[in-house]
Every structure is written in structure tokens, then in C-alpha cells.
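Hello,

Here is the structure I promised to hand over.

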Amino acid sequence: MTVPTHNRVLSGMRPTGKLHLGHYHGVLKNWITLQHEYECYFFVADYHALTTHYEEPQIIGASVMDMVIDWLAAGVNPSNARLFVQSAVPQHAELHLLLSMLTPLGWLERVPSYKDQQEKLRERDLATYGFLGYPLLQSADILIYKAGLVPVGDDQVAHVELTREVARRFNHLYGREPDFEDMVMAAVRKMGKKNAKLYREARKRYQEQGDQESLQHGRALLDSQVNLSMGDRERLYGYLEGSGRIILPEPQALLAPASKMPGTDGQKMSKSYNNTISLREDPRVIEQKLRTMPTDPARVRRNDPGDPAKCPVFQLHRVYSDDARRDWVVEGCTTAGIGCLDCKQPVIDAVLAELAPLRERAKEFEQDPQRVRNILQEGAEAARDSADETMKEVKAAIGLNY
Ligand code: TRP
Ligand code: SF4
């Protein structure tokens, strides 16, 4: 039987440098939770990195292993999630090519990140074919596994939206079959009387009343059928929703719980602001960075009271401290009862405690790069198997199966 995929999670990260606390709090912690709840595919988007770094691919090569070691050190577990490198699964590129045939140029030109990034990265020439296709390559990443859920930051939601449109267009063009209704009826009969009746009822309720719960019921019912072929299942999903056969299901963005990990200057932590603490940073450097972090500029002398709302250190207390300690900060700061170094110490301790086990685990992998390569190889093999199934179907739907 074919595996239903709406619970499949897929996400990727570009290898363009070391991971830092912003990645950890914003992305990795979320992945680590998801890996226990869903079938997860996490990959290194090296082709995506190449769209912007094609003139200096060394950075990509140098970052891939480091990034995967950071994932593993943070707790992403290869027995729960498939980890691999995008370029090791050629089907991403193949599907990208086929999708490019049916994607109107305007859809790509309208994606906000296209112009934004071109303006932001002025020192690079991004007037390339590959860069325009960036979001479509991302669509291929998602659709090749028929992933249902894509954990991303809000800057990526437009890319998932494009993916939905491209999938819809693909299904519309290639999911229409002249004998669709007959095939559907035959498939419904294969479910047996009782289930067929439940399916028809769910479909009616969904289509007449837009009842989402009925849609979920209908899908769950299809998922539980063991004697439906992949093609029949796609027809019945489609018929349930009122469309043709759904070959490439539309994914949904899964917005990570908001995390605004502040950097050492109070702005969002980001490599381009030079305010990061990397996951394997030397503890002495961490301490140094935090001790010299700017505070409320009004607190010039130890006796001057301050305002935590105007202090980047207090934003770190929002991440690392409980209510009691935050009360201690507010009280101590506004009355000049504590000094800024006193105030920083618990944050320093918390960051060091958070990163110590990561550093230890990273060390094991650093000493055994072959183990990391094996993990990536196994991940890629599994990914290729699943990508290959989709590719076969996609080619057959278009008629490229001579
Ligand atoms: N574009 C994403 C980013 O910059 C990385 C990425 C590539 C991705 N392919 C993906 C994320 C597929 C989710 C799904 O962060
Ligand atoms: Fe900032 Fe703490 Fe100093 Fe107040 S006491 S200014 S919150 S570092």
C-alpha cells in the first residue's frame, strides 16, 4: 500500500555559514519536536545556496558538514528524520525542470523575495535564470516528497504559496482523465459498501457545506484503505475535493512558534548584523560577547537607574529567565540596585549551560566525519526511493513513459 503523505514534513536550510543561537531557537528546536510527531525530511539546500553563491561555491562545500554536525549536535536524530543533501537526490532537479515548463514567468517575478534579495545582495549579480527559479526549486523540493507540512519562517510563506499554485496547475493540466468519473466509481466500489457510503457522505457534506471536518474524515478514510492503488487514492482525494486526480498534493506552511532571538546588540540575531553566538562558540568568547554587550545607554554609571525596556540584555532575559528572575531584573535595574554585570551573569550562565551539551555532542561527530557521511548517505538513499516514486508518476501523468 502507498503511504499517505499529508503528515510528511519537509524543510531545508541553505549551507552558507555556521549555525547560531537564532537558528537553534527559531528552527532547530522546532524540527526536534516535529521529528517525534511526523515523518520528517530535513535537507541541506546546496543548490539553493548556489543560486546566490555561484561565484564562491567553496563556502557551500565548507558549510555542509558543519551544518549537519550542528543539526545532530542540537538533537536532530537520524533515526527519526531523514537527513540528506539536496544535490544527492537528482529528482529535485528533474522535477524542477518539468515544473519550469508550466510555471508562468510572472508567478516567479512576483515572489517578493526575488526583488528584495536582488536589492539586498547588490554586490552579487542575481539577474540569473537560476535565481529567478529559486522558489520553484523549493516547490520541487516539497512536491517531490508530496510533503503536507513545511516548517518555515514567515519570509518563506510566499514560496509555499507558490508551491500550492504550481501543484494546482500541474494537477489541472495532467490530472484530468477522460474517464475520470468511471475510474472514481470503480475505485469507490473497491472500498466496500460501508466505507463507500461514508466516503460519499463526507464528500457531500464537504462540497455542500464546506465542512473541513468532513474533508479530514474523508481523507482519513482513504488513508485507512489498504486495497487502493496510488492512482485510485489520488483520484478519490481529488473527487472528494471536487477536482481531478491529485498527483501533487498542495502543502501547507507550518509557521514556527514565533521566536525573536535577539543578537548581542538587541537586533534580531543574524550573520549580516555581526551579532551572533554560534552553536559551537568557545565559552570564553561567549562570555566576552555577553559581558561587552550594550545596555540601556542611560545607565552610564553604576548608580544611574535604567529601563529594561530599552536594554537588549533584557530581551535575552525574555528567552532565558523565568518571571521571578525578570522581576529581579526590573526591580534591580530601575532602582540601580544591581549592576549590569550582575544582571548579565544569569544570562551568561544560561547560554553556557544550553550550549555545553551541544558542544560535547558536536565533538563526537567532528572526530568521526565518516559517521556523518554515512548518515547523509542513508538519508539520501531513502529520499531517492521516495522521490523516485513521485517522479515515475509525474512522468506517467505527462505521458513521458514511452
Ligand atoms: N529557501 C529556504 C530558506 O532560505 C530553504 C529551503 C530550500 C527550503 N528548499 C526548501 C525550506 C524547501 C523549506 C522547504 O530558508
Ligand atoms: Fe540592562 Fe540589566 Fe543593565 Fe538594566 S541592569 S540596563 S536590564 S543589563
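**Ligand 2 and the cavity**

The largest cavity is the space taken by ligand 2. A cavity here is a set of points, on a 1 Å grid over the protein atoms alone, where a 1.4 Å probe fits but cannot get out; its lining residues have an atom within 4 Å of a point. A molecule sits in one if more than half of its atoms lie within 2 Å of its grid points.

The shell around ligand 2 draws two or more residues from each of α16 (323–334) and α17 (340–366). Helices are DSSP runs (H or I, at least four residues), as are strands (E, at least two), numbered from the N terminus.

This is a predicted model: local features need pLDDT of at least 70 and side-chain atom pairs pLDDT 80 or more, while totals for chains, interfaces and linings use all residues. Residues are numbered from 1 along each chain as its sequence is written, chains are lettered from A and ligands numbered from 1 in the order written, and side-chain values use heavy atoms, without hydrogens and water.

Around ligand 2 stand T295, D296, R299, C311, V313, V329, C333, C340 and C343. Near means that a heavy atom of the residue lies within 4 Å. By class, that shell has 6 nonpolar, 1 polar and 2 charged residues. Ala, Val, Leu, Ile, Met, Phe, Trp, Tyr, Cys and Pro count as nonpolar; Asp, Glu, Lys and Arg are charged; the others, Gly among them, are polar.

The structure has 1 cavity of 30 Å³ or more. At least two lining residues come from each of α15 (312–320), α16 and α17. The lining divides into 9 nonpolar, 2 polar and 2 charged residues.

**Ligand 1**

Ligand 1 is surrounded by 13 residues, the closest being R14, Y134, Q138, D141 and Q156. The shell around ligand 1 has 6 nonpolar, 5 polar and 2 charged residues.

Best wishes

Methods:
On a 1 Å grid over the protein atoms alone, a cavity is a set of points where a 1.4 Å probe fits but cannot get out, and a pocket is an open set with protein on both sides within 12 Å along at least five of seven lines; lining residues have an atom within 4 Å of a point. Grid points are joined across faces, edges and corners, and a volume is the space filled by probe spheres set on the points.
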